[in-house]
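Subject: Structure handover

Hello,

Here is the structure you were waiting for, with notes on what turned up in it. Please read the notes with the model open.

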Amino acid sequence: MKNFRVGSVVALMLYFGVPAALAAEPADSSSAVAPGLIVFSSDRSGPWRIWSVRPDGSGLRALTEATPDENDVDPVFSPDGKSILFSSTRGGEVGLWKLSLGGNKPERICDGDQAEWSADGRRIAFRRQERIYVRDLVGGGERCISPADWPHCSGPAWSPDGKRIAFACRWDAGNAIFLVDSEGGQPTKVYDKQGACEPHWSPDGTRIVYETETHIATIAPDGTKNRLVTYFGGVQRYGRFSPDGKSIVYCQGASERGPWELYIIPAQGGTPALLTEGNSDMNPDWH
Amino acid sequence: MKSTTLAIALLWIAFTQVCLRGKAAGADYEPGTPATWLFDTGSSSPGPLNAAGLASKSGWRVVPEDGLAHQFRGDAVFLNDRVIVVLRRRGAGAEVYCQTAAAPKMRAALLPLAASGDEPGVLVNATVLENNLGAVMLTATFRTPGGDTCELRYRLTAGQVIVEAQPGKGVDRLLVRCPARYVVVPDFFGDDMVFGSEDLSRPRLQLPAENFCLGLSDQGSAEVMCVWQSSRQQAVAVRSGPGLREEGQADEERETPGAAAFAGWEIQADKDKSIWVACFDGTGLWHQQVLATKDALGAAALDWKPPFAAKWRADLLRTGGAATSWFFHDPDASKDGPAASETAVAGYPCCFEGGRAIVRLAPELQAAAGRSSLLVYALDRSRETPLATFCPIDILRNTLGVGPCQYILQTEGLATETNPTPDNVMTWVEKQFARNRQKKSADEIRELLDQMVAHVGHAQARIEQYGSFGREVCNLCGEKAPVLRSIGESIERDAAAFSNRTPPPAKLASQLAEQVVVLIGRKNSMSACEKLGAEIRQIGASEDRALARCRMAARWLRQSAAMLAEDDSSQAALAGEVQVRAERMLGTK
């Protein structure tokens, strides 16, 4: 079973630290507002930071800076592409932060990690203490939408129509992906084989990309038409659709310990193209 | 008139094309893609399908996706771009072919065996459980010669070389027919065990494998790997045909290229536990070479080059399945193979230089081996390994899950959430020194070093337990069972080689840790920290290796005792006692 899920990256970094910092100038983040941009977390400059790169591999730049003890991971674009949410250890507590790509300083939202926006950008779904919450960004109200007796929930992903949230849950018997109404309710199972977790919707809402123990796959929300997208040696993780749904960006590692490189592959499967290399690049999101 | 004729002709051509597509290969089938496809051949074949039949797919129809109610009229065939699985009506099991550039080659057959006998049954029914472009899964029902029925599920996923078998009702063992020249029981930390024809004094060889083994065949171009979920499941290698070792036969004669020593394996079925069989195909996947004495002592280039970048394993074969193992050192690779043996670290007995595989064996190594037969195969991938190339550790990840690198510690009950191994802890500590944070992190450094010293102490205690166990076996066996006694002696020897060091490893780790703590207050102490780190890591590597060697030997002792009990009834009681004690030792954490 996979022991380290997305949010565990933060704990992992806290425990094992990061390599010595290299010189890395944060870019003028306002210039990163453009269609066809991929954000990801990377330790290429020492501590984990949020970086961006164009899908053709150009324009690689750091979007966040912080003290060497602070690590930023799990970036997610807002629906309009003007902001990103990310998880960070800034201030000593793992929390959710919002960065406006227009140039403002990051703003702490609340405790938690693994956040994702609703389609209208007014709410976020996130994980806190292995349960899934929805938070109103304006009023600050929160609601737990995962069943109280479900022990290890992770990776919430909001459907494009805003009605459902996909998430993963880990049991003794393994992982499974579920759907739950965004207002809460009884989850329905999508898939429960091969350590399925890390769900994320296609832009049209007809597919969910997820990861198995070692590969990236897609499946219809009703659990049919399961498709393995990657089938390579090593480990593939963190698949995310491109804005047009035709491609998927994911991480490739020689082993479960990395190091991780970003690749882009057609969503139907095919030949992957190397996007980044050098140290570890993880948790991509594409807008 | 002409135009009418032409139009009719064109319509006829179009009609026949549509019919042929529908009849021959199915309207949607896209050959060469990683996706999985399920076919109904339309008629049943009395014998294994040949390459031409598999290629033409004449008369075959694609079973529609998610069509789970399909009733097969002929044989069931499911495939991806790497593997073809054939379930023939009245056949004895699934025949597995590799899709090679030239033509499909049968590499294995997966047959259920009932508890009532060694004869496989015949397929009487196949039902579809899963059928999409990502995976195909069938339940096959077999009727045994004794009239019993048993069920086995087969599953193939897109782009993979692995066939999963889930034994169901009535299945006692899975027979994997895969002729092999060598059977390898790899050990990621210690030495492999490698069995060839010279090790076959009986028709069935109980393997000391915990979860997987490899069969090497076809003169270097084929490997079959078998993985099972529980270390409780017994694995037996079955001898190929008659032809036991003949007295006076020379090594060279017995090592006839391509001669299969083994017919395959039997893996004990366990409730709800899968067994996976992976087939690798390609030139130079493995290589065996008898080194001339002068070459072994000097530097010899093997008659082989690695077909792809990977962590290549080299086994210097000894007698009775024993081997001395290490990884090829690759100066161009980003990182050497993990946990290479101390010998390899010291002098790189095997390395790649300018694309050649070079072997330099120290005299004592050659003398210990008695002969210099070297076996090479890829065990794990490196960062440079092509994405579409699979190594055995990839198969382990795909089947048992991630984390095979933690294998020996987990198996021995020494893995913890924080996993304070010497390597992990010193990597973290060195990062604090590199970032000049050692003063700020002083408390954490001390705490982690304490945990590391405790970890080394636990491992040392465990190795000493093995040493005591080895002595116990020697005393128990005395002169009555020399084979078992010699294994007991090897366990005692390996344990003592680690534990009897001066100072003892745990004490040395403690002393070195104290020296690291002293560095915390000093300036420019990074290089001193790294030097201490190298010494501490060496303790960890030795510990992993000693532990792995002891465990492998204990497993081999257990299997050897079982075989002795079968072969010599007068020794059955003693062998049974050794088996019980070995089981207890392996199970006690």
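A:Glu256 lies in the loop between β21 (247–253) and β22 (260–266) of chain A; helices (H or I, at least four residues) and strands (E, at least two) are DSSP runs, numbered from the N terminus. A:Glu256 counts as buried because its relative accessibility is 18%, where buried means under 20% relative accessible area, exposed over 50% and partly exposed in between (1.4 Å probe, protein chains only). From A:Glu256 to A:Thr214 the separation is 42 residues in sequence and 8.4 Å in space, C-alpha to C-alpha.

Some housekeeping first. This is a predicted model, in which local features need pLDDT of at least 70 and side-chain atom pairs count only at pLDDT 80 or more, while totals for chains, interfaces and linings use all residues. Residues are numbered from 1 along each chain as its sequence is written, chains are lettered from A and ligands numbered from 1 in the order in which they are written, and side-chain values use heavy atoms, with hydrogens and water left out.

The two chains

Chain A contains one helix and 24 strands, and 60% of its 287 residues are buried. In chain A, 40% of the contacts between residues at least 6 apart in sequence join residues at least 24 apart; contact means heavy atoms within 4.5 Å. Chain B contains 14 helices and 26 strands, and 55% of its 589 residues count as buried. For chain B, 68% of the contacts between residues at least 6 apart in sequence join residues at least 24 apart.

Strands of chain A

β20(A) and β21(A) run antiparallel and are joined by five bridges; two strands pair if DSSP finds at least two bridges between them. One of the bridge partners is A:Gln252 in β21(A), which faces A:Gln236. The two strands form a hairpin with five residues between them, and A:Gly245 in the turn has a positive phi of about 75°. β20(A) is mostly covered, with seven of its seven residues buried.

Strand β24 (residues 281–286) of chain A has six of six residues buried, so it is largely enclosed by the rest of the structure. It pairs with strand β1 (residues 38–42) of chain A in the antiparallel sense over four bridges, and A:Asp281 in β24(A) is the bridge partner of A:Ser42.

Two open sheets

One open sheet has four strands in the order β8-β9-β10-β11 (chain A), with antiparallel pairing. At its edges stand β8 and β11 (142–144) of chain A, each with a single partner strand, so one side of each is left without a neighbour in the sheet. Neighbouring strands of this sheet are turned by 25° against each other on average, direction ignored; axes are lines fitted to C-alpha atoms, for helices over the stretch in contact, and angles run from 0 to 180 degrees between N-to-C directions. Within the sheet, β9 (residues 123–128) and β10 (residues 131–136) of chain A run antiparallel with six bridges, and A:Arg127 stands opposite A:Ile132 in β10(A).

Another open sheet of four strands has the order β12-β13-β14-β15 (chain A), also with antiparallel pairing. Its edge strands are β12 (152–158) and β15 (188–191) of chain A, each pairing on one side only. Strand β14 (residues 174–181) of chain A pairs with β15(A) in the antiparallel sense over three bridges, and A:Lys189 in β15(A) is the bridge partner of A:Phe178.

A residue in chain B

Is B:Glu223 buried or exposed? B:Glu223 is buried, with a relative accessible area of 3%, and is found in strand β16 (residues 222–228) of chain B. Leaving aside neighbours within four places in sequence, B:Glu223 is in contact with residues including B:Leu214, B:Phe280, B:Leu285, B:Trp286 and B:Tyr377. B:Glu223 and B:Leu285 are 62 residues apart in sequence and 7.3 Å apart in space, C-alpha to C-alpha.

Regards
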